[in-house]
Every structure is written in C-alpha cells, then in structure tokens.
Amino acid sequence: KGLQTLSRLSLSSRNGEKKGKKESMESGRLETVKVSSGAKMYEASSITFTRWIFLRLLGIVYLFAFISLWTQIIGLIGENGILPARHFLEVVYQRFGSQSYLLFPTLAWFNTNNSFLTFLSLSGALLSFLVIFGIFTAPVLFILWVFYLSLVTIGQDFLSFQWDILLLETGFLAIFFAQLRIIEKPLKNGKGQELSSHIVLWLFR
C-alpha cells in the first residue's frame, strides 16, 4: 500500500508539472500575441497620423501654388499675356492634330479666355481648404490635380520647373493615399486601406 501511494503521489506531481508547463507556455504565447498585436496597432496608427499630417501639408502647398497662379495667370498666359495659352494650343493642334488632346492634357482645350483661367486658379485655391480641413480629401485631391495639370500644360516657360512636376507627381500619388471618408480623422484608418497605404508610401520613397 505504501508503494502504491508513493507511485500515485509521483504521478500526480508529474501531471502537475506538465500542467504547469503547459500553462506557462500558453501564457507566454498570449503575451507574444498581445505584444505583436500592440505593435501592429501602433504601426497602423503611426501610418494613419503621418498620412493625415502629410495631406494637410499638401493642401497648404496646393493653396499657395494656386494663389500664386491666380495673381499672375492673366499677365502670363492670358488673352493678352506674355505667352497666350490660346496661341500655344493653336500651334500644338496644327502640329499634332487630334493627338494633341492626349499629348497635352488640359481643360483649356474647352476655353482659354481670362475668366476660365481665373476660374481654374481661384477654384483650386478654394478647394485646397477642403484638403487642409480633411473634407472629401480623395475626390478633391483628384480635382486639384486635374486643375493644376491643366495649368502646367499651358503654362509653357512659366510652369516648366521641377517643383511643378514634383507637385503633380506627389498630388497624383496622394489621391490613392487619402482616406475614402467624408471627414478624414487623424487617428482613424479607412477599411481595407492598409495595403494601399504601404504601397503608396513605397512609391513616395
């Protein structure tokens, strides 16, 4: 009987040791999962906040760019400007024909008078405030990119600098970087946008 009780005690102690090991391993796994999930949440919130700041600053850049054009556009490429946009597009069409619409994409093909050029510049400046305040960011960024591309295309010598091309490239990528929300919040990510955010960040680099 004494031997039986000793063997039972040894078996129970072994089972207790095994249970303790299993519990410690499970607790370790839970801690690892918690740490990894916390790291992922921190990374996602960091990307979301960085994106929010970047797009607000881009809206400010657009604002100054369009205001600068608004104050000068008539004298530079207006109807009686230094290099009139109408004459430029006429020469382009004579040389390239129907391919001109693809080679020189601009809304000025519809109209090149002073009122329309002012409309593009002033509307761009006003729409920039929506990006700054995070309202309809993605569609507004698309409109701003189209407006600025239209002006750069007909800007000739006045809008052929590297920073103009850089703003177009950055503005185009920013369209896919913005959240698909009515109001963009700094610490709230859009559904299914983590992958697109990483891809756009890689393209920016």
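I took helices (H or I, at least four residues) and strands (E, at least two) as DSSP runs, numbered from the N terminus. I worked on a predicted model, where local features need pLDDT of at least 70, side-chain atom pairs count only at pLDDT 80 or more, and totals for chains, interfaces and linings use all residues. Residues are numbered from 1 along each chain as its sequence is written, and side-chain values use heavy atoms, without hydrogens and water.

Fold. I found seven helices and zero strands in the chain. The pattern along the sequence reads α-α-α-α-α-α-α.

Burial and contacts. I looked up burial (under 20% relative accessible area, 1.4 Å probe, protein chains only). Of 205 residues, 34% are buried. The accessible surface (Shrake-Rupley, 1.4 Å probe) is about 13,400 Å², and carbon and sulfur atoms hold 67% of that surface. I then checked contacts (heavy atoms within 4.5 Å). Among those with a separation of 6 or more, 70% join residues 24 or more positions apart.

Cavity. I searched for sets of points on a 1 Å grid over the protein atoms alone where a 1.4 Å probe fits but cannot get out; lining residues have an atom within 4 Å of a point. Volume is the space filled by probe spheres set on the points, which are joined across faces, edges and corners. One cavity of 30 Å³ or more turned up. The largest cavity holds about 30 Å³.

Which residues line the largest cavity? I listed L69, I73, L76, I77, G155, F158 and L159. Helix α1 (residues 2–77) gives the largest share of this lining, four residues. I sorted the lining into six nonpolar, one polar and no charged, with Gly counted as polar and Leu, Ile and Phe among the nonpolar.

Technical notes: Buried < 20%, exposed > 50% of the residue type's maximum accessible area, 1.4 Å probe, protein only. 1 Å grid on protein atoms, 1.4 Å probe; cavity = no way out; pocket = protein on both sides within 12 Å on 5 of 7 lines; lining within 4 Å.
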